[in-house]
Amino acid sequence: MARYLSQKVSLLGTLESNLRELQGYDTLAYELIQNADDVRDDEGKSAASKIIFDIRDNALWVMNDGVFRQRDFERMLDVNSGDKRNERDTTGAFGIGFTAVYQITDCPEIRSSGQHWRFFPERDENNIEVDDNVVTQGTKFRLPYATNPESPLRMRLKQQTFDVSKLDEFQDTICKAVSFAALFLKQLTELEVRRAGKVVHHVTRLADKDANELLVDENGTVSTWMILQGDFEDESQRLRSQYPTIIEDKKHSRVSIAIPEHELKEYRLFAVLPTQETTKLTFHINADFYLLKDRKRIIFDDEYQTRWNRAAVRTVARIIVREFEKLKVFGYQRLWKLLNSIYQCSLSDPIDDVFKELWKP
């Protein structure tokens with residue numbers, strides 16, 4: 001007679017595995033920015049416009065002006081659920097982003113929508129303590145620094161303690177991440193870093209869709225970006241018909257490029273937030289790319305995901321051709337560098353021949 005068994009998932013084992021791929025304080029910042037940028041109200045409308053990182057002596061506080069819905073709390077109960085994968089206009093997909101906070105804390109806390117949650121993942125059961133009917137405003141994360149190397153969680157997750165003597169370096173990393181992340185966000189317009197309540201870094205983004213222009217005010221210095229957009233809707237529909245049960249409904253075919261008024265040292269591929277993929281191009285590219293689990297790399301070696309990603313990159317070439325007249329504002333020398341960078345990409349980068357479309361008659 002057959003016997004039936006149930007498989008179990010180890011919470012700590014899952015956290016340890018995910019945390020290996022979510023290292024870096026910039027990754028921590030990106031995950032919390034993404035969380036705020038994804039916040040919706042019960043009607044699905046954008047709910048957050050500002051995020052604040054406050055680096056204090058004993059904890060990192062992260063605050064935004066959106067609020068958790070009940071479904072957002074429920075997601076916190078199911079690590080790795082990937083529930084956001086099918087919610088439109090959200091960036092999250094894997095359900096592992098919050099894990100990044102365990103780089104610096106053993107006991108994260110969330111205050112939102114009248115609830116206060118404290119997490120104790122080292123406990124076998126009852127590992128979330130919830131207080132209801134708490135006075136809250138917006139959403140606040142409190143991440144008390146993990147400073148005890150012998151704490152059960154540090155030892156189980158194989159994580160180092162947080163070095164409070166290096167708060168200045170931590171602050172610099174968060175500031176740089178905030179500046180870099182601002183470019184393609186969907187709803188956040190203000191990002192701020194504080195040190196013990198005092199503002200040390202402030203970024204405001206103001207998009208002018210009609211002028212295809214984005215102004216980014218960083219501590220009073222305003223930079224201008226030309227934003228050009230396109231899509232690969234026809235090709236995305238063909239891919240959906242070939243892979244009808246695989247490509248998520250929320251996956252969109254919009255592609256944007258951002259060209260700075262002044263040249264930068266490096267340019268990257270973004271999936272709303274920056275990845276670690278750099279190119280020889282002289283502009284940033286943003287698309288709804290398929291990413292590896294760590295969200296730092298873009299997939300270029302899998303069938304349907306690679307086809308989707310390459311379709312997004314091909315769209316960049318079409319955008320450049322279509323908007324060529326607008327690019328003349330940068331002058332001959334800069335325009336030549338831009339076109340030459342595309343040619344160099346077609347020779348050596350992982351996105352290789354997709355840019356050769358530019359050179360077709």
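At 5% relative accessibility, Glu 192 counts as buried, because the cut-off for a buried residue is under 20% relative accessible area. The side chain of Glu 192 forms a salt bridge with Lys 50, with the closest N and O atoms 3.8 Å apart. This is a predicted model.

- Lys 50 has a relative accessible area of 23% and is partly exposed.
- Glu 190 is likewise partly exposed, at a relative accessible area of 27%.

**Other salt bridges**

- The count of salt bridges comes to 25.
- One of them joins the side chains of Arg 295 and Glu 31, at 2.2 Å from N to O.
- Arg 295 sits in the loop between β14 (284-287) and α7, while Glu 31 belongs to helix α2 (residues 25-38); the pair links distant parts of the chain, 264 residues apart.
- Both Arg 295 and Glu 31 are buried.
- A network of salt bridges links Glu 109, Arg 111, Arg 118, Glu 129 and Arg 142.
- In general, side chains of opposite charge can pair when their charged atoms come close.

- Strand β7 (residues 190-195) runs antiparallel to strand β8 (residues 198-208), and six bridges join the two.
- Within this pairing, Arg 194 stands opposite Val 199 in β8.
- β7 and β8 form a hairpin with two residues between them.
- Ala 196, in the turn of that hairpin, has a positive phi of about 55°.
- β8 is also joined by six bridges to strand β9 (residues 213-218), and these two strands run antiparallel.
- Thr 204 has Asp 217 in β9 as its bridge partner.

**Helix α7**

- Helix α7 spans residues 303-322, which is 20 residues.
- From its first C-alpha to its last, α7 reaches 29 Å, close to the 28 Å expected at 1.5 Å a residue.
- α7 is mostly covered, with 14 of its 20 residues buried.

Key:
Residues are numbered from 1 along each chain as its sequence is written. This is a predicted model: local features need pLDDT of at least 70, side-chain atom pairs count only at pLDDT 80 or more; totals for chains, interfaces and linings use all residues. Side-chain values use heavy atoms; hydrogens and water are left out. Two strands pair if DSSP finds at least two bridges between them. Helices (H or I, at least four residues) and strands (E, at least two) are DSSP runs, numbered from the N terminus. The expected span of a helix is 1.5 Å times one less than its number of residues. Buried means under 20% relative accessible area, exposed over 50%, partly exposed in between (1.4 Å probe, protein chains only). A salt bridge is a side-chain nitrogen of Lys or Arg within 4 Å of a carboxyl oxygen of Asp or Glu.
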